[in-house]
Amino acid sequence: MTGSWLHTIRARWKVRRRFRAESQLLAGREVGDPDRPSAVLFTVERAASRFVTRMLAPLARDAGLVPIDLDSYHYELNRIAEWIGGGRGGDDRLFERPGCFFGPLRTASANVLGLSHRSVLVLRDPRDVLVSLHRNHGWEPRLPLLGDDVAARRIEREMDHARTVGIDDFVLSMARPESHVRRTLEAYRRHLVGRPHVLFLTYEEMVADFSAWLHRIVEHFGWRPEPRLLDRVLRVAGEGASGRATRVGDHRRALRPETVEALDGELGPLLAARGYAP
């Protein structure tokens with residue numbers, strides 16, 4: 001039961017244990033080395049962001065940075081809508097703090113996007129993102145640790161909607177200019193793509209050659225991990241990569257040809273700018 005006192009106590013303990021650094025940062029405490037510049041991982045939903053963050057976190061710690069995942073922290077507290085909708089708590093200055101590895105950020109305000117931290121931007125073919133979002137909304141939703149009955153009903157409504165409208169109508173609605181997916185991609189295009197401190201990589205490159213992909217990130221951030229640590233990360237990544245290759249180009253298998261054609265027309269400039277041929 002989401003509302004039981006025992007569930008709430010256990011959930012709060014899990015959040016405190018998992019997000020100790022995030023709690024300290026939000027309380028105004030210094031959590032990172034003031035002499036080390038921070039780094040940021042920008043990405044989108046359904047682009048293996050949690051997997052990527054798990055692989056990068058030990059490398060960031062080895063470089064003397066503290067991993068900070070404020071989006072996940074607020075999601076587990078059942079406050080993600082207020083956090084993102086309110087400009088991430090109304091205090092973008094949190095991301096100016098030194099000594100941190102911020103991410104994954106799956107959307108961000110113009111102020112955060114305008115920071116000069118060395119950053120990596122990981123994107124995925126937007127058409128595959130939309131197909132994966134339909135799967136997530138309709139069949140793979142997860143209640144926050146502190147999710148209440150209101151959150152449970154919201155997730156149920158999202159599930160019912162995704163299953164009722166079907167995948168083709170769902171992805172077309174999510175491709176419209178007013179959707180959060182489009183707004184995020186447009187913001188990245190305006191503020192991040194082409195900037196010298198931002199390394200732009202793709203999900204598809206990660207699937208094709210994770211080792212080369214990871215080495216580019218390490219070099220961009222200026223990290224100098226021990227070979228044993230890097231080998232361990234690559235080994236763990238290989239164990240967790242099963243099935244990702246089959247998801248590249250998933251939209252062509254999942255959608256009707258006329259839906260793909262409509263998406264190509266709707267997303268054409270974004271696809272071309274990121275090297276995704278219609």
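User: How much space lies in the second largest pocket?
Analyst: This model is predicted: local features need pLDDT of at least 70, side-chain atom pairs count only at pLDDT 80 or more, and totals for chains, interfaces and linings use all residues. Numbering starts from 1 along each chain as its sequence is written, and side-chain values use heavy atoms, without hydrogens and water. A pocket is an open set of points on a 1 Å grid over the protein atoms alone, where a 1.4 Å probe fits and protein lies on both sides within 12 Å along at least five of seven lines; lining residues have an atom within 4 Å of a point. Points join across faces, edges and corners, and volume is the space filled by probe spheres set on them; here that is about 390 Å³.

User: Which residues are closest to the centre of the second largest pocket?
Analyst: The lining holds 17 residues. Closest to the centre are R18, F19, T53, R61 and D69.

User: Which element gives the most to the lining of the second largest pocket?
Analyst: Elements are DSSP runs numbered from the N terminus: helices (H or I, at least four residues) and strands (E, at least two). Those giving two or more residues are α1 (5–18), α2 (20–26), α3 and β2. With five residues, the top contributor is α3.

User: How many charged residues line the largest pocket?
Analyst: The largest pocket has about 1,600 Å³ of space and is lined by 46 residues, with E45, R46, Y75, R106 and N136 nearest its centre. Ala, Val, Leu, Ile, Met, Phe, Trp, Tyr, Cys and Pro count as nonpolar, Asp, Glu, Lys and Arg as charged, and the others, Gly among them, as polar. The lining has 17 nonpolar and nine polar residues, and its charged residues number 20.

User: Which strands stand at the edges of the sheet?
Analyst: Two strands pair if DSSP finds at least two bridges between them. The open sheet has five strands in parallel pairing, ordered β2-β3-β1-β4-β5. Each edge strand has a single partner, so one side is left without a neighbour in the sheet; the edges are β2 (66–68) and β5 (198–202).

User: Which residue in β5 stands opposite S119?
Analyst: Strand β4 (residues 118–123) pairs with β5 in the parallel sense over five bridges. Opposite S119 stands V198.

User: Which helix lies across β1, β3, β4 and β5?
Analyst: Contact means heavy atoms within 4.5 Å. Axes are lines fitted to C-alpha atoms, for helices over the stretch in contact, and angles run from 0 to 180 degrees between N-to-C directions. Running at about 155 degrees to β4, the helix is α11 (residues 210–221).

User: Is α3 roughly parallel or antiparallel to α12?
Analyst: Their axes come within 10 Å and cross at roughly 170 degrees. Under 35 degrees counts as roughly parallel, over 145 as roughly antiparallel, 65 to 115 as roughly perpendicular and the rest as oblique. So α3 and α12 are roughly antiparallel.

User: How far apart are the axes of α8 and α14?
Analyst: D168, V171 and L172 in α8 meet T259, A262 and L263 in α14. The two helices pack at about 5 degrees, with axes apart by 10 Å.

User: Which residues does the cis peptide bond join?
Analyst: Most peptide bonds are trans. Here omega is about 5 degrees, in the bond between G103 and P104.

User: What is the phi of R46 near?
Analyst: R46 lies in the loop between β1 and α3. Its phi is positive, in a residue other than glycine, and near 65 degrees.
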